[in-house]
Number of protein chains: 2
Amino acid sequence: MSIEPAWIAVDWGTSRLRAWAMSDTNQVLGFLENEQGMSKLSPDQFEPTLLDLIAPWRGQAVTRVIACGMVGAKQGWCEIPYAEIPFDLTSLVPQEITTLDSRLAVSIVPGLSQRDPADLMRGEETQLAGLLAQGSDFEGVVCLPGTHTKWCWINKGTVERFHTAMSGELFALFTQYGLLRYSIERGWDDDAFRRAIVETSTSSRDLTLLLFSIRAESILFRSTSAQSRARLSGLIIGSEIGGIIDDILGRPVIVIGSHGLSEHYRTALDHFGADVSLLRGDEAVLKGLALLFQNVRSVGQVESAL
Amino acid sequence: MSIEPAWIAVDWGTSRLRAWAMSDTNQVLGFLENEQGMSKLSPDQFEPTLLDLIAPWRGQAVTRVIACGMVGAKQGWCEIPYAEIPFDLTSLVPQEITTLDSRLAVSIVPGLSQRDPADLMRGEETQLAGLLAQGSDFEGVVCLPGTHTKWCWINKGTVERFHTAMSGELFALFTQYGLLRYSIERGWDDDAFRRAIVETSTSSRDLTLLLFSIRAESILFRSTSAQSRARLSGLIIGSEIGGIIDDILGRPVIVIGSHGLSEHYRTALDHFGADVSLLRGDEAVLKGLALLFQNVRSVGQVESAL
């Protein structure tokens, strides 16, 4: 039986394209994905790439798509200007773009920008909107771990400020290209992770000054690859949280992301004394896109496209 | 006219092999180098590589070579065990190794190790010895900037403790492989470097939390590649020094290294209020190898090889 979604939710990041077929009551009817992220596409390849992926879901009617992520960046399908913070997410309106196929109506969620200190996000704002869809009175800090981890201070639907940490990219660079890469190839050791977190919480040293100990310990004490890898992660995440903890304590913290990485952040935040809960990243994206789809409808963009 | 050196000083690191022909009064008679660093050689390739480079300097007598650097590492020509700190550099004795060519006598300088916190050096101990050759009563901190920058606390010839910072490697990873690499390809902007140093000295944020601002500023404020590149360097060096400054202030600091990088460290250390002077890296290596060559002679290694 073929699926005929009321609309399609799309999360289109740097490395992946993911699409959900949604019912008119926002139930998930189907899921499709591929590796055609922004980094692999030129602007004119986005529309055919999307049409190819969602072909099984298309009928006679106009296909309505709401997309978030790097698809709206300068190097993406169509550049959507950033909304500047402080910004009330309930008023965030995805922008309709021009498509070649007249039976396709695509709107892209704007990212958020901050001038001082300069910072940017594209994609995470939708997950924040998803959190608000669950209850709009959240007041606290949201952590979205990833290549560029975002820390966001939220007050009843408004993003007041945010801060990006390059922790995930740092971990990737060291494990893929760093001189330590052969000592940290694979595995995971929970104790080594926890010890590293404790170490960062009691040391005033910057991360730069802690990392070489991984190599020294592997030579002097023959630490295993699993220990070294977990220690690298612990030193990076611990240094990140240590540098921001004074701004977190006393506020509830919600970590939104994938299972493994979110658990690591929870462990570290627990150690630093934060009050932490978790929300699944996929769930947040879908709830956010559903909330923002209402904003598109309420300003009449979709109707005018019909 | 052919050169017949009394001995040959060799600095054999990860990426380069450098050799100086020395007179019996330690004057430099000649210099040769190539890119055959440790990372490009298997253990049995070291001897032919060295013989090839120094061929113009060989006569009928035994050729005496003192070498420092990664040549003595596990992946080098022959593993020389580390000397454990605290260690008096005046008693550091290069270890003679076995060679296939009986007219070649090679001694390799041991590196230094520290157990808590675990740390290692190979090569820098020779530069420290070179500093002592100038006057053995130095009491203070020596900074040796590089891929893995060393900070060493020295007391009258003894290395009391040291600390490695992975700052140079971090800069290399970000400029070569990082997602920012296109924003920081080339150029240098002194003002941007200084502003970044000031920023690190007034912020409690860890480096991880500062780096993304380079990308955000390049998008929001169209900062140039030269500004971004210098800012990256300033944020890394400033975070490194900021994490260690309490251990430096009140002690004289000597920076030993190449011209450009040493100047950046001097600028940053000046800003943090340290009392800094510079020593050329090449000069320190040569003076150190000359000092250590005496140690080899005084324990009779060279004589026994004749």
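Reader: What is the area buried between chain A and chain B, and how do I read it?

Author: The size of an interface is often given as the accessible area lost when the parts come together. Here about 4100 Å² is buried between chain A and chain B, with carbon and sulfur atoms giving 68% of that; the area is what the two parts lose to a 1.4 Å probe on being put together, summed over both. Keep in mind that this is a predicted model, where local features need pLDDT of at least 70, side-chain atom pairs count only at pLDDT 80 or more, and totals for chains, interfaces and linings use all residues. Residues are numbered from 1 along each chain as its sequence is written, chains are lettered from A and ligands numbered from 1 in the order in which they are written, and side-chain values use heavy atoms, leaving out hydrogens and water.

Reader: How many residues are in contact?

Author: Contact means heavy atoms within 4.5 Å. By that rule, 46 residues of chain A touch 46 residues of chain B.

Reader: How many salt bridges cross the interface?

Author: A salt bridge needs a side-chain nitrogen of Lys or Arg within 4 Å of a carboxyl oxygen of Asp or Glu. The rule finds two between chain A and chain B. Arg205(B) and Asp247(A) meet in a salt bridge, 3.6 Å from N to O.
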